[in-house]
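Let's take a walk through this protein, from the loops to the core. Here is the sequence with its structure.

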Amino acid sequence: MTTDTEPVLEPLLAKSTQVALRPRYEGSNICTWIGFKHVNYLVEEAVLEHFRSAGMPARALFEDYGLGLDLVGLDTRILHALHMDDLVETRVEPAAKDTDDVLRFRVTLTLERGGQRLKAATSKVAVSLRRSDFLPAEGEPPAELARFVVSRLGTGQAQSPPAAVPADDRALSLGRGTTGADPVLEQLTAGENAFGWKWRIPYPYCHFSERIQMSGYLRQMEEVVDLFLADRGISIKQLLEDRKWIPVVPHSSIHVLDEALMEEDLYTVYTVEDVFKDFTYTSRLDCYVVREGRLVRTATGTITHGYAEIESRHDWSLVTFDDRVLRALGGEPAAG
């Protein structure tokens with residue numbers, strides 16, 4: 001990495017970059033449409049490429065300066081569905097103000113379809129450079145980056161002490177974890193139209209040797225929705241078989257508030273907040289860990305869903321919620 005700070009920081013903080021990307025094959029789960037998680041993966045990759053183009057790739061930041069590049073905020077609106085094999089033009093524009101202590105970017109995804117250029121998604125991204133204590137660093141980062149360097153992500157938000165959590169409760173959460181009786185989940189979901197899930201953080205969801213990364217939270221958001229819908233009697237598979245309905249996501253956001261560490265138990269709460277004109281519903285995601293007998297919220301976010309009916313291998317159209325779905329979203333037994 002160059003040590004001449006001006007040529008490095010000026011493109012990072014002031015110049016936009018563009019790169020063409022294709023969504024990963026893994027993200028095509030229903031027909032050839034790409035899910036919201038992999039749209040966000042494209043956003044993340046575009047930001048990483050922006051750092052590379054500025055001469056500050058994530059690898060060099062870590063190896064040379066002991067800095068972990070962490071996405072700590074992601075707010076994405078999907079305007080047009082992406083498909084398998086789409087070539088997506090991504091544009092990253094720096095958006096940090098002089099008073100910001102995080103690097104901010106605006107990301108736009110565009111594609112060509114039917115001879116038209118379409119804006120497929122827009123995203124606001126926040127990045128922190130987290131100083132690592134895992135191994136000694138070889139040198140100090142450029143001074144102009146100092147305001148974006150943190151010793152810990154976020155500040156956390158301690159809650160009331162959870163009910164009767166044994167201090168030595170470290171039994172592995174096998175498979176998909178537990179959504180059953182658990183004193184912490186009961187406390188977090190009491191009196192709410194909410195669903196709770198306890199799950200042990202595995203290393204594939206982490207990076208820089210210790211903490212869950214943004215893509216891990218995206219996977220968590222996707223997973224908890226799947227578990228919630230199954231719990232409410234309208235699982236993805238059921239509505240696919242019964243009606244050829246699939247969930248679609250026009251908007252999602254996640255913000256990191258504190259660090260969740262490898263092999264900690266993560267308590268994820270998914271709360272239905274609003275149903276808009278029987279057409280979309282918005283839910284809140286909150287993630288917690290238990291430390292020293294207290295709850296610490298490590299991330300929060302929202303996701304908006306609608307439903308689309310599959311009309312062919314190529315096309316779908318949005319539908320309004322019927323009574324079965326509305327009852328399930330409201331926490332009532334779903335009608336058959």
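Lys277 is exposed, because its relative accessibility is 67%, over the 50% cut-off. You'll find Lys277 in the loop between β13 (265–276) and β14 (280–291). Keep in mind that this is a predicted model. What makes Lys277 stand out is its backbone: phi is positive, about 50 degrees, although Lys277 is not a glycine. Most residues other than glycine have a negative phi.

Asp85 is another case. Its phi is near 75 degrees, again a positive value in a residue other than glycine. Asp85 sits in the loop between β4 and β5, and with a relative accessible area of 57% it is exposed too.

Which residue does Asp86 form a salt bridge with? The partner is Arg113, and the closest N and O atoms are 2.5 Å apart. Asp86 is buried, with a relative accessible area of 12%, whereas Arg113 is partly exposed at 27%.

How many salt bridges does the whole model have? The count comes to 27.

| Residue | Partner | Closest N and O atoms |
|---|---|---|
| Arg52 | Glu45 | 2.8 Å |
| Asp86 | Arg113 | 2.5 Å |
| Arg104 | Asp100 | 3.3 Å |

The Arg52 and Glu45 pair has two partly exposed ends: Arg52 is at 38% relative accessibility and Glu45 is at 28%.

**A buried arginine**

Is Arg324 buried or exposed? It counts as buried because its relative accessible area is 9%, under the 20% cut-off. Arg324 is part of helix α7 (residues 323–329).

**The nonpolar cores**

On to the greasy part. The largest nonpolar core has 82 residues, and Phe51, Leu109, Val127 and Leu129 have the most contacts inside it. Where does this core lie? It lies between domain 1 (7–151) and domain 2 (152–335), because both domains give residues to it.

Leaving aside neighbours within four places in sequence, Val127 is in contact with Val47, Phe51, Leu69, Asp70, Leu71, Val72, Val102, Leu103 and Phe105.

Another core lies apart from the largest one. This one has eight residues, including Leu185, Leu188, Ala194 and Val269.

**Aromatic rings**

A search of the whole structure turns up 10 aromatic pairs. One of them is Phe195 with Phe228, an edge-to-face pair with 6.4 Å centre to centre and 70 degrees between the planes. Why does this pair tie together separate parts of the chain? Phe195 lies in strand β9 (residues 194–200) and Phe228 in helix α5 (residues 214–231), so the parts they join are 33 residues apart in sequence. Both Phe195 and Phe228 are buried.

Aromatic residues also come as a group: Trp245, Tyr281, Tyr307 and Phe321 form one cluster.

**Zooming out**

Now for the whole chain. The protein has seven helices and 16 strands. Of its 336 residues, 49% are buried. Among contacts with a separation of 6 or more, 70% are between residues 24 or more positions apart.

Conventions. Residues are numbered from 1 along each chain as its sequence is written. This is a predicted model: local features need pLDDT of at least 70, side-chain atom pairs count only at pLDDT 80 or more; totals for chains, interfaces and linings use all residues. Side-chain values use heavy atoms; hydrogens and water are left out. Helices (H or I, at least four residues) and strands (E, at least two) are DSSP runs, numbered from the N terminus. Buried means under 20% relative accessible area, exposed over 50%, partly exposed in between (1.4 Å probe, protein chains only). A salt bridge is a side-chain nitrogen of Lys or Arg within 4 Å of a carboxyl oxygen of Asp or Glu. A nonpolar core is a set of buried Ala, Val, Leu, Ile, Met, Phe, Trp, Tyr and Cys residues joined through side-chain atoms within 4.5 Å. Domain bounds come from an automatic or database domain assignment. Contact means heavy atoms within 4.5 Å. Rings of Phe, Tyr and Trp (its six-membered ring) pair if their centres lie within 6.5 Å; planes under 30 degrees apart count as stacked, over 60 as edge-to-face and the rest as tilted.
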